[in-house]
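Subject: Structure handover, salt bridges

Hi,

I am passing on the structure we discussed. Please have a look at it before reading my notes below.

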Amino acid sequence: MSELPPSDYGRARWAHISLAGRVLDFYGRHCLGAPKPEQIPGDNDAVKALLAERFHALPVERKPAKFSDGFGKGAKWNTQVRYFEHRLVGYVMPIVTALLCTVLVGSAGLVQKTFAGAEKWNNQRKAENAAEEAREYAAKREGLKKEWAAEVAGYSAQKCLDEVSDLRVRDTDEKRDRYAVLQSGCVDKTQAIVDIGKSWSISQCADFAIEGNKQINEQKGQQTWVDSLVFQQGCLSVHDQQALLKLVNPK
């Protein structure tokens, strides 16, 4: 292969270039650019074409099979160009990096503002929906309270306990009104509700207290009047206080 002219030798060597060499050559040509043959010093056009072709190739693929003075002069020029290009890249990369960081930070700020705007719109929409629901409820409030009172009159002590426990979170006028109706309508079941607490095992009492505390602490709920009846007057009157409280608050 060393007897081939430089142009033919370059084409023959191309068939043996590794994948890494091909990737480097492709990236260099399309992203960085390369000198044209006429820019490279020397008298042999074929040699200059080879040097231009191999400007971005791997070092082992740049050297021809037969060294010549003409090749050495062009190769030296290529090396010098690459040296100054590398220095330029060293100066430019921090600037490019800073610009990219600025763009990314600016984009993050824009995204944050977008989310903030969406959150504000969502909160406003929720407030408007809540106000609309409050107006609708106010129009039928008295009728609903009469219906609830009729229903509660037929509740058992267990039904009163379940319905009131579901209203630890009273965050609307409708829930607060229903809670008041239950408290009034279930007042004759007071002792029966206390007896329910007395009939529970210590684990049932602990589960009841744990669920109530969870709703109060995590969902901004409030203690109900049946909580006092079941736990204080019922559970604590039949179970060891220290053992029960340890189950409710293991820490």
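What follows is a short account of the salt bridges. Note that this is a predicted model.

The count of salt bridges comes to eight. Here are some of them.

Start with Asp227 and Arg168. Their closest N and O atoms are 2.8 Å apart. Asp227 sits in helix H9 (residues 225-238), while Arg168 is in the loop between H5 and helix H6 (173-185), so this pair ties together parts that are 59 residues apart in sequence. Both Asp227 and Arg168 are buried.

Next, Arg135 and Glu132. This salt bridge has an N to O distance of 2.6 Å. Both residues belong to helix H4 (residues 69-152) and are three residues apart, about one turn of the helix.

Lys175 is partly exposed, with a relative accessible area of 31%. Asp171 is exposed, because its 51% is over the 50% cut-off.

Finally, there is a network. Salt bridges link Lys159, Glu163 and Arg178. Glu163 lies in helix H5 (residues 157-165). Its relative accessible area is 17%, under the 20% limit, so Glu163 is buried. Leaving aside residues up to four places away in sequence, Glu163 touches Tyr155, Arg178 and Leu182.

Best wishes

Definitions and conventions: Residues numbered from 1 in each chain as written. Predicted model: local features only at pLDDT ≥ 70, side-chain atom pairs only at ≥ 80, totals over all residues. Heavy atoms only, no water. Helix = DSSP H or I, 4+ residues; strand = E, 2+ residues; numbered from the N terminus. Buried < 20%, exposed > 50% of the residue type's maximum accessible area, 1.4 Å probe, protein only. Contact = heavy atoms within 4.5 Å. Salt bridge = Lys/Arg side-chain N within 4 Å of Asp/Glu carboxyl O.
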